[in-house]
Amino acid sequence: MSEEVVALEDVWVRYGDNTVLQEVTLKICEKDFLGIIGPNGGGKTTLLKVIMGLVQPMRGTARVFGAEPGRSWQRIGYVPQQIMLDRNFPISVRDTVLMGRLGHKTIFKSYGKADLAAAEEALKAVEMCDYRGRQIGKLSGGQLQRVLIARALASRPDLLLLDEPTTGIDIVGQESIYTILSRLKSMITIIIVSHDVGALAVNADKIACVGKKLYYHDSRKLSSGEMEEAYGCPIELIAHGVPHRVLKEHTK
Amino acid sequence: MIDIFQYEFMRNAVAAGILTSVACGIIGVYVVLKRIVFLSDGITHASFGGVGLGYYLHINPVDALLPFSIVSAAAMYTATKLTKAYEDTAIGILLATGMSLGLILVYMTPGYAPDLMSYLFGNILMVPSSDLIMMAGLDILIVLLIMIFYHELLALCFDEEYMRVSGRNSNVYYFLLLCMVAISTVIMVRVTGIILNITLLTIPAIISHQFVSSLKAMLAFSVIQGIIYVLLGLWLSYILNLPSGATIVMIMTTIYGTVMILKNAYDKFIITQAG
């Protein structure tokens, strides 16, 4: 039996009067590669924030690696939405990736040899070693996204969380991100949030859909009724260019 | 030119200019990058309450300024955390409250407040030697704090959320940054004064931001610029017999405006060349 990485039980989250997540129950096991889809404002990012302990559920319990969320930060790597960052910020690729070691370094001390080695290894994993000294504004969107993945990997996580990693990135860049993730999935647990239904249907091993409530069957299958409930309108889960169907054939 | 250094007030003015530029150049970079310019302006303005308190207690207003500016920073921190989305409203209110408190205290103090204007608008020609020692001490404190918490402050300004995900309490470092803004207020007060401080804090940093792409270079370039502008202002105010604080501000604004116009024209030129 593989280790249970994330266990959410009847989790509710509210921002003021607005219920963002409702009755969310989710179990994610070791080495799962879970794609989370859902409409904008459906609570995808909030779900990630609950797992990281940045948002407290008002009801229900959340466990991450068997502990309270926020306790297991050393085992979590996080790739935030790129749009949140200032690309003109005077920081190099190397220093961005080193930030992934922030929680591991001793306060009052600078980064040590182990930190530098971990950062270098992470840069290698995303094939960005040649850009080490470059300021982040001088990278393409896809390259910056790989740097942010390297930052998350530098902490040597067991669980990698990615929030909309392919938004605003060209097709080649998106493909290279999914290539990196497919190399990683045999080693760590991955949860990726995206509104790009098609890409997740192809790349993720399991798919959940969040629209306030969470629809998940520990597989890639979601009924069109569930999708319609989450999105509030009929929606097709189409996997472009793959031989197998993601949706079951409708019986009626 | 050399003969003006015969006067102690002139030597003190040059020393004060350099010491001020070190603190402002460094803290200004973080203020600009973290986008807390209005919040920092709020802290320096509200600190006027400390000047008033100094008059009221008959002590050197600069001595009362340090604890009061830290209190201002704490008040700003608390208010902005409580009001969340409306933090600029809270800053505006606290700014006026601190200044009003200072004015009331000055008013309640019997007699005439002789150099009140110099605390509001700065007067670099009136820095006593005792203040220079305090300014140097506070400069050293700021440099030490920046060296010790360099990576933490970098993470705070670049990606505060990531800092929290990394198990670090970002609020602690945010408050530390606000306290350093408060300290730099004290260092700056003799040069540009409570009202004009914000230009000294922001202009060298924002100009550096246009030209360099690493944080360390930005820090160094801001400090060097600050020294040049302040000394230039001091010299111009001396030969033209103008108020020094305002002259320094006008020089910096002129340079900033010119740099921005030239930079825009250059960027457009590059785009047309490429197209």
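1. Starting with the interface: 21 residues of chain B are in contact with 18 residues of chain A, contact here meaning C-beta atoms, placed from the backbone, within 7 Å. Keep in mind that this is a predicted model, where local features need pLDDT of at least 70 and side-chain atom pairs count only at pLDDT 80 or more, while totals for chains, interfaces and linings use all residues. Residues are numbered from 1 along each chain as its sequence is written, and chains are lettered from A and ligands numbered from 1 in the order in which they are written.

2. Helices are DSSP runs (H or I, at least four residues), numbered from the N terminus. Helix 9 of chain B has the largest share, 5 residues. By class, this side has 11 nonpolar, 6 polar and 4 charged residues (Ala, Val, Leu, Ile, Met, Phe, Trp, Tyr, Cys and Pro count as nonpolar, Asp, Glu, Lys and Arg as charged, and the others, Gly among them, as polar).

3. Within chain B, have a look at helix 7 (residues 129-148) and helix 10 (residues 170-188): their axes come within 10 Å and cross at roughly 155°. Axes are lines fitted to C-alpha atoms over the stretch in contact, with angles from 0 to 180 degrees between N-to-C directions. Helix 7 of chain B and helix 10 of chain B are therefore roughly antiparallel (over 145 degrees). Helix 7 of chain B contributes Met135(B), Leu138(B), Asp139(B), Leu141(B), Ile142(B) and Leu145(B), and helix 10 of chain B contributes Met180(B), Ile183(B), Ser184(B), Val186(B) and Ile187(B). That contact has 9 nonpolar, 1 polar and 1 charged residues.

4. Helix 2 (residues 37-46) and helix 11 (residues 193-211) of chain B pack at about 145°, axes 8 Å apart. Among the residues making the contact are Ser40(B) and Asp41(B) of helix 2 and Asn197(B) and Leu201(B) of helix 11. By class, the contact divides into 4 nonpolar, 5 polar and 1 charged.

5. As for the core, the largest nonpolar one has 149 residues, and Ile27(B) and Val181(B) are among those that touch the most other members. Such a core is a set of buried Ala, Val, Leu, Ile, Met, Phe, Trp, Tyr and Cys residues joined through C-beta atoms within 7 Å (buried: 20 or more other C-beta atoms within 10 Å). Helix 1 (residues 8-33) of chain B gives the most, 13 residues.

6. Leaving aside neighbours within four places in sequence, Val181(B) is in contact with Ile27(B), Val31(B), Ser40(B), Ile43(B) and Ala73(B).

Notes: Helices (H or I, at least four residues) and strands (E, at least two) are DSSP runs, numbered from the N terminus. Angles under 35 degrees count as roughly parallel, over 145 as roughly antiparallel, 65 to 115 as roughly perpendicular and the rest as oblique. Two residues are in contact if their C-beta atoms, placed from the backbone, lie within 7 Å. A residue is buried if 20 or more other C-beta atoms lie within 10 Å of its own, exposed if 12 or fewer, and partly exposed in between; C-beta atoms are placed from the backbone.
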